[in-house]
Amino acid sequence: ELPSWAIPSAAPMSLLDWGGVLRPSTGAALLRVDRLGSRYKAAFTFPPFDDPAQARVIVSRLIRAKRMGLRAPVPLVEPQRLSDGMVDGAGQAGATLSIRGLVGGMVIREGFWVSIARIDGQHFLHNVAGEVIVGQDGRVTVPLSEMLRWPFTDGCAVHFVRPMIEGLIDGSEQAWAMSLERWVNIEFTIEEAA
């Protein structure tokens, strides 16, 4: 995981969509086919590190991340003023997620990011598809922009406050630039693996 002080200056994100469009050779209507597995990719760019100790730590973690994977907070344009909760009921599937343990009356807005942590700690990033209000009992069913890709067990952690993207470092090489002025420039891309 990246240290909390490692804050990117940019993080373009993209959706990797495993669905597709069927184009009939007869000129009939197009057909959209959705498939499980759509996930996210984020390209992190950091401002130049002028502290050699900080740069050393980031480079070390990126080298290890090539074989172990990496978890990093999703950069948010503004804070998502919510609490974290937990999965409410096992065996959920499709494009909704039932959650409990939230603060009643809070609004979960369209476009918010949420990560769900499996029992082993691996995070799965999702985007909220529509606005919902948490019930006074702390329960809510949240519509998601993409389908769930793991059958989470009851009680798995749901993160709104600090959602995470977790996956593999993309590309066959890891590089960083060191300047003679003692600046270190670091960029990398994380792609969700599951």
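Modeller: This is a predicted model. Rings count as a pair if their centres lie within 6.5 Å, and by this rule there are eight aromatic pairs.

Colleague: How is the pair of Trp5 and Phe49 arranged, stacked or edge-to-face?

Modeller: Look at the angle between the planes: over 60 degrees counts as edge-to-face. For Trp5 and Phe49 the planes stand at 85° and the centres are 6.3 Å apart, so this pair is edge-to-face.

Colleague: Which parts of the chain does that pair tie together?

Modeller: Trp5 is in the segment before strand E1 (13-16), while Phe49 is in the loop between strand E4 (39-45) and helix H1 (52-68), so parts 44 residues apart in sequence are tied together.

Colleague: Are these two residues buried or exposed?

Modeller: Buried means under 20% relative accessible area. Phe49, at 7%, therefore counts as buried, whereas Trp5, at 35%, counts as partly exposed.

Colleague: What about Phe46 and Phe188?

Modeller: Planes under 30 degrees apart count as stacked. Phe46 and Phe188 have 25° between their planes and 5.8 Å from centre to centre, which makes a stacked pair. Phe46 sits in the loop between E4 and H1 and Phe188 in strand E16 (residues 184-192), so this pair links parts 142 residues apart in sequence. Both Phe46 and Phe188 are buried.

Colleague: Which residues form one aromatic cluster?

Modeller: Trp5, Phe44, Phe46, Phe49 and Phe188 do.

Colleague: And which residue lies over the face of Trp150?

Modeller: That is Arg118, at 4.2 Å from the ring centre of Trp150.

Notes
Residues numbered from 1 in each chain as written. Predicted model: local features only at pLDDT ≥ 70, side-chain atom pairs only at ≥ 80, totals over all residues. Heavy atoms only, no water. Phe/Tyr/Trp six-rings, centres within 6.5 Å; stacked < 30°, edge-to-face > 60°. Helix = DSSP H or I, 4+ residues; strand = E, 2+ residues; numbered from the N terminus. Buried < 20%, exposed > 50% of the residue type's maximum accessible area, 1.4 Å probe, protein only. Lys NZ or Arg CZ within 6 Å of the ring centre and 35° of its normal.
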